[in-house]
Amino acid sequence: TECASGCMCPDGLVLDGSGGCIPKDQCPCVHGGHFYKPGETIKVDCNTCTCNKREWNCTDNACKGTCTVYGNGHYMSFDGEKFDFLGDCDYILAQDFCPNNKDAGTFRIVIQNNACGKSLSICSLKITLIFEVCLELVIRRIQEIATDPGAEKNYQVDLRGGYIVIETNQGMNFMWDQKTTVVVHVAPSFQGKVCGLCGDFDGRSRNDFTTRGQSMEMSIQEFGNSWKITSTCSNTNMTDLCADQPFKSALGQKHCSIIKSNIFEACHSKVNPIPYYESCISDFCGCDSVGDCECFCTSVAAYSRSCSRAGVCINWRTPAICPVFCDYYN
């Protein structure tokens with residue numbers, strides 16, 4: 001009934017936050033803490049989303065699955081479940097020789113952890129890929145064991161930068177940095193048809209801890225141990241590597257804080273940095289010295305890769321922090 005102090009918009013218009021008035025359908029959309037104008041698009045995994053009248057309209061493409069192993073037994077399954085598992089046996093990382101796959105199996109990936117001397121941490125992996133041939137990968141060496149010498153070759157092996165990359169015609173691609181990082185990509189056609197430590201790629205992370213005997217397991221250790229190739233080696237239990245090393249833990253927190261720093265700020269709203277930060281500190285405590293296993297660099301690189309998949313490319317490496325000599329690899 002009387003005048004009130006303040007800025008008001010005419011009927012049908014709303015404040016735009018910058019001192020102007022706009023129609024409601026011109027309001028922005030929000031994603032990852034950022035505002036996008038109507039008509040702007042973003043990439044979410046393999047889909048494109050367009051802002052329209054405050055809502056995102058997204059394509060509905062089936063995306064490939066990605067499973068990552070890095071550092072001292074850190075896993076991220078095809079469905080995005082993060083967990084830690086450490087063992088000194090041979091384990092099935094991923095395969096499509098599974099009860100829920102009605103088709104004939106095409107691949108199996110087996111990993112074995114190689115420890116750093118007498119320490120508890122992992123320095124490198126020995127990997128065996130089985131499809132129409134058997135490929136054994138150890139540092140700087142690939143051994144091919146042909147089961148059928150006359151069979152058609154349905155895969156190719158490349159060296160890209162520091163990575164060994166293996167691509168198959170069936171839609172399974174594999175990357176290894178020749179140390180502790182493994183990335184497995186499977187095509188959408190493998191949805192619900194795979195099993196192993198990487199899970200079943202059915203879009204639901206809550207059932208990822210399904211054992212080899214098809215039971216749901218609450219204990220990560222029991223789940224991991226069920227995927228051993230042989231039952232003769234002993235089961236393992238995770239230990240807190242930082243518990244009796246307060247100095248090294250503090251040093252790890254200092255180094256690993258780069259993950260939570262403003263260098264990665266653009267990614268924080270899209271990929272939670274805390275699990276990667278905690279993994280980084282744990283790996284730091286497990287290594288004999290800062291240079292061993294590149295513990296710190298491996299963890300930061302894992303977060304950087306997740307950011308890249310979320311559409312945020314971070315240029316974090318410097319001559320002083322985890323340099324990669326691209327000229328040498330090129």
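Start by selecting cysteine 267, which counts as buried at 0% relative accessibility (buried is under 20% relative accessible area, exposed over 50%, partly exposed in between, with a 1.4 Å probe and protein chains only). Before you go on, note that this is a predicted model, where local features need pLDDT of at least 70, side-chain atom pairs count only at pLDDT 80 or more, and totals for chains, interfaces and linings use all residues. Residues are numbered from 1 along each chain as its sequence is written, and side-chain values use heavy atoms, with hydrogens and water left out.

Cysteine 267 and cysteine 307 form a disulfide with sulfur atoms 2.0 Å apart (a disulfide is a pair of cysteine sulfur atoms within 2.5 Å). The S-S torsion of cysteine 267 and cysteine 307 is about -100°, so this disulfide is left-handed. The pair links helix α3 (residues 265-268) to helix α5 (residues 295-309), 40 residues apart (helices are DSSP runs of H or I, at least four residues, and strands are runs of E, at least two, numbered from the N terminus).

Next, pick cysteine 256 and cysteine 280, whose sulfur atoms sit 2.0 Å apart in a disulfide. Its torsion of about -75° makes it left-handed.

Then move to cysteine 29 and cysteine 51, a disulfide with sulfur atoms 2.1 Å apart. Here the torsion is about 85°, so the disulfide is right-handed. Cysteine 29 lies in strand β3 (residues 29-31) and cysteine 51 in strand β6 (residues 47-52).

Finally, select cysteine 3, which is exposed at 83% relative accessibility.
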